[in-house]
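Please work through each task before reading its solution.

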Amino acid sequence: MALIAILPGDGIGPEVTAEARRVLEAVGCGARFEEALVGGAAYLETGMPLPPDTLALAKRADAILFGAVGAPQYDTLERAFRPEAAILGLRKELGLFANLRPSKLFAGLEGASALRPEIARDIDLVIVRELTGDVYFGEKGRKLNDAGHRLGFDIMAYDEAEIARIARVGFETARTRSRRLVSVDKANVLESSQLWRDVVNEVSADYRDVALSHMYVDNAAMQLVRNPGQFDVVVTGNLFGDILSDQASMCAGSIGMLPSASLGEGSRGLYEPIHGSAPDIAGQGKANPCAAILSAAMLLRHSLDDVPNAERIEAAVARALASGVRTADLGGSCSTREMGDTVLRHLA
Ligand code: NAD
Ligand code: IPM
Ligand code: MN
């Protein structure tokens, strides 16, 4: 029997993962669940954001459903003790280098998008974000410079093997869709980006059937709101992918709608909404659980090889939204639980 580790975390993390778990239980996916502390919640209990027991559970599990971590109260801790160190540590420890972040407008949400409906309607893309390299994992620190000023630094670096393997995920993903891939970088200024572009071009020799183009990240941010329909699959680095995916979420209606899958070499993956712990609404039952529920669908598809139930969940979310039930971020007034109930009712 497959094991799903549930790591709810902080803020709205527990609220949204509870709904995703109910949906997984309702579809009868035949898995068992084990929960563990992570992030600030784990720090308070054990002094560590990613306790050894939690990491061991994640390694033992076939898939991990993750909520969110972080809260302002931890922002002055030494970096290794901050909640965010837990999710970064899980990604690194489990070798989850490829993060798929699909963004699609569900019918009926045109009015919730920050874009005009006729522009928003066309958004249906996947951002393939590199997840274990870049400025996130380069050397970082503080020192005094020659002028005696405090200086903070984070090294942005990619090696060719890291670039080639994420490029392959980008090309493979494009092959499952419309065979168009846009690689986003800042090669006009950054040397790590020039290497990125060179290596993506080299890898493209193995994917002649995929139309590859390159775009600078500043232009990509602009194009994403000008005409998101032009994108199908976007492959990009860790930092650019983080930023562009939050932006893509508002094109599709709300950050509460976007799921993600973090994958490595094997079938084990970590699944989480792209949003954070939302301290401003935590504990109020206002959070949109759809991103977490759709993450559960991705979990079934990518780690449990259960495509029928993944599609059932996605269709149920679509029907629930089409019925007019909405959380506050989408302009409605229903609670997290009511949204979860509505999705459960629409499971065929
Ligand atoms: P955030 O995504 O938590 O919130 C940004 C805004 O979006 C807030 O106004 C919030 O209320 C809203 N929002 C987010 N998710 C929502 C949902 N499901 N339904 C309705 N509204 C939602 O980003 P932030 O405020 O920049 O960060 C808060 C904390 O979360 C920080 O500590 C940050 O480090 C952390 N964070 C964690 C993750 C993660 O665990 N993977 C991701 C992003 C941010
Ligand atoms: C995300 C988050 C994380 C990231 C943080 C919490 C480390 O913003 O998953 O998008 O930057 O990757
Ligand atoms: Mn982010």
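**Exercise 1.** Over the ring of which residue does the charged end of Lys92 sit?

*Solution.* A charge sits over a ring if NZ of Lys or CZ of Arg is within 6 Å of the ring centre and within 35 degrees of the ring normal. The charged end of Lys92 sits over the ring of Phe137, 4.6 Å from its centre. Likewise, the charged end of Lys104 sits over the ring of Phe106, at 5.2 Å from its centre.

The model is predicted: local features need pLDDT of at least 70, and side-chain atom pairs count only at pLDDT 80 or more, whereas totals for chains, interfaces and linings use all residues. Residues are numbered from 1 along each chain as its sequence is written, and side-chain values use heavy atoms, with hydrogens and water left out.

**Exercise 2.** Determine how many aromatic pairs there are, and classify the pair of Tyr158 and Trp196.

*Solution.* Rings of Phe, Tyr and Trp (its six-membered ring) pair if their centres lie within 6.5 Å; planes under 30 degrees apart count as stacked, over 60 as edge-to-face and the rest as tilted. The count is four aromatic pairs. For Tyr158 and Trp196 the centres are 5.3 Å apart and the planes at 55°, so this pair is tilted.

**Exercise 3.** Classify the pair of Phe171 and Tyr207.

*Solution.* The ring centres of Phe171 and Tyr207 are 4.7 Å apart and their planes at 5°, so the pair is stacked. Both Phe171 and Tyr207 are buried.

Technical notes: Chains are lettered from A and ligands numbered from 1 in the order in which they are written. Buried means under 20% relative accessible area, exposed over 50%, partly exposed in between (1.4 Å probe, protein chains only).
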